[in-house]
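This report looks at aromatic rings and at the contacts they take part in. The sequence and the structure come next, and the description follows them.

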Amino acid sequence: MRGKQTVRDMMLSILVMGVVVAGLYIFLPHGGTDPVKTVSYNVELGQARHAAPYPVAAPEGLPKQWRATSVTYDGSDPRASVWHLGFIDPQGQYASVDQTNGAAGAFISTTTQQSTRHGTQTVAGQTWERFTGGRYQALARTEHGVTTVVDGTAPFSQLAELAAALRT
């Protein structure tokens with residue numbers, strides 16, 4: 001009588017299910033996808049350049065391996081508007097450009113997550129302050145009341161490449 005399940009029937013059912021699962025695993029794609037979502041920032045850049053009370057900086061001429069991942073502009077306070085443009089560099093490290101016309105010291109501390117000043121670095125003929133020790137290392141400069149911070153987990157060589165590509 002087949003109405004009664006036996007251990008043998010149960011083992012055969014498990015084996016058949018195992019073959020089906022193994023087949024799905026082999027033939028369906030899995031893993032290997034890049035989790036980084038890239039964004040286009042041209043529209044936001046144009047809007048920020050129109051609305052900001054300062055010249056908004058963005059890179060020009062970076063290699064295609066630099067992928068933009070985030071972009072924001074907050075102009076709710078015209079005395080402290082903030083531009084942000086984040087990237088993943090060719091080595092997979094984070095780097096960003098952040099600007100404000102607000103208080104420089106507080107902005108640098110917040111943006112770099114409490115890094116401290118450690119000397120200067122010349123990039124494309126301009127002197128930038130170097131910041132280390134916080135979550136991010138950074139290059140920062142203030143000119144005409146506007147503070148620009150290039151920061152992230154990327155090494156200083158990559159941050160300098162991003163800083164050198166900035167145009168307003």
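## Charges over rings

In this predicted model, Arg130 lies over the face of Phe156, with a distance of 3.6 Å to the ring centre. Arg141 is placed over the face of Trp128, where the distance to the ring centre is 5.6 Å.

## Aromatic pairs

Counting rings as paired if their centres lie within 6.5 Å, the model holds three aromatic pairs. The rings of Tyr41 and Phe87 have centres 6.0 Å apart and planes at 85 degrees, and because planes over 60 degrees apart count as edge-to-face, this pair is assigned to that class. Tyr41 belongs to the loop between α1 (7–27) and α2 (42–51), while Phe87 belongs to strand β3 (residues 82–88), so the pair ties together parts that are 46 residues apart in sequence.

The rings of Trp66 and Phe87 have their centres 6.2 Å apart and their planes at 80 degrees, so this pair is edge-to-face. Here Trp66 comes from the loop between β1 (58–59) and β2 (67–74) and Phe87 from strand β3, so the parts that the pair ties together are 21 residues apart in sequence.

## Cluster and burial

Through ring pairs, Tyr41, Trp66 and Phe87 are linked into a cluster. Tyr41 and Phe87 are both buried; for Phe87 the relative accessible area is 3%. Trp66 has a relative accessibility of 6% and therefore counts as buried, given that the cut-off for this class is under 20% relative accessible area.

Key:
Residues numbered from 1 in each chain as written. Predicted model: local features only at pLDDT ≥ 70, side-chain atom pairs only at ≥ 80, totals over all residues. Heavy atoms only, no water. Phe/Tyr/Trp six-rings, centres within 6.5 Å; stacked < 30°, edge-to-face > 60°. Helix = DSSP H or I, 4+ residues; strand = E, 2+ residues; numbered from the N terminus. Buried < 20%, exposed > 50% of the residue type's maximum accessible area, 1.4 Å probe, protein only. Lys NZ or Arg CZ within 6 Å of the ring centre and 35° of its normal.
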